[in-house]
Amino acid sequence: MIKVNILAVGVHPDDIELSCAGTLLRHAELGYTFGLLDLTRGELGTRGTPEIRSREAFAAAEKLGAKFRENLDLPDGFVTADEATVRKIITAIRDCQPDIVLANALSDRHPDHGRSGRLVADACYYSGLLKIETKDYSGVMQEPWRPEAVYHYIQDRNRAPDFVVDITKHFSRKMEAVACFASQFNDDVASVYSKEPTTPISGRDFMEFLHAKARSLGREAGYDLAEGFNAVRYPGVGNLFDLD
Ligand SMILES: [Zn+2]
């Protein structure tokens, strides 16, 4: 078991990099640790192959400084809230005992995102129940563990955030992690992937969109660049001056 402060979960490898990598880098700067959990290998993705994406995902994790990157090998497009799936997610949560979990948006352009966002939030709750028994990867009984909070990262659709995180200093490193997924995001003629079908995220304009989105999310809080989150349970603050 590797204990981390934050566990970021995405249904597809690259959801985390696109949506909350800057936040993870910011908290690493503050001394917190984080791990990454992908639910599927993104095998239905139009471009690349699961093997390529797996290599890309590990390169991105290294770039970000994650303590680990794990994949639950659930079926892309068909992740459901059945018992076996929920137990797999609970086992992963109990294995790293995160204080905060970052999960997919509760509703988004890609239907997998909303489904997985709800599934992960539910699994965080069930993970705290004593009578759901699970064993770790070496067969040892796990302790119940409920993260203190689950926050849903805003990805594709323009959802109004409940709070934003300043990623101004970390945006370029985030984009280096995004660039690790060259099969998904690179349409340059020089790229080996340039002959693959184009998708809404494969062109250079998508990188401009990511920058514009970060600018837009940061604006109201007075940051140059930010990532946005939704919280089902609204967060509190003990000191108004802690709010920017
Ligand atoms: Zn996705």
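In what order do the elements of the protein chain run from the N terminus on?

**View 1. Overall fold of the protein chain in a predicted model.** The elements run β-α-β-α-β-α-β-α-β-β-α-α-α-β from the N terminus on. With a radius of gyration of 17 Å, close to the 18 Å that the globule rule gives for 244 residues, the protein chain is as compact as a globular protein of that length. Seven helices and seven strands are present. The C-alpha trace spans about 55 × 45 × 30 Å along its principal axes. Of the 244 residues, 41% are buried.

**View 2. The largest nonpolar core, with 55 residues.** Leu-7, Ala-8, Val-9, Leu-102 and Val-120 have the most contacts inside this core. Helix H1 (residues 15-29) gives the most to the core, with six residues. Leaving aside residues up to four places away in sequence, Val-120 touches Val-9, Ile-89, Val-101 and Ala-103.

View 3. Leu-210, Lys-213, Ala-214, Leu-217 and Gly-218 are the buried residues of H7. They lie on the same side of H7, because they cover an arc of only 125° around the axis. An α-helix has 3.6 residues a turn, so residues three or four places apart point the same way. On the other side of H7, the exposed residues are Arg-204, Asp-205, Glu-208, His-211 and Ala-212.

Note on methods:
Residues numbered from 1 in each chain as written. Predicted model: local features only at pLDDT ≥ 70, side-chain atom pairs only at ≥ 80, totals over all residues. Core = buried A, V, L, I, M, F, W, Y, C linked by C-beta atoms within 7 Å. Buried ≥ 20, exposed ≤ 12 C-beta atoms within 10 Å, placed from the backbone. Helix = DSSP H or I, 4+ residues; strand = E, 2+ residues; numbered from the N terminus. Contact = placed C-beta atoms within 7 Å. Arc of directions from axis to C-beta. Rg over C-alpha atoms; globule rule 2.2 N^0.38 Å.
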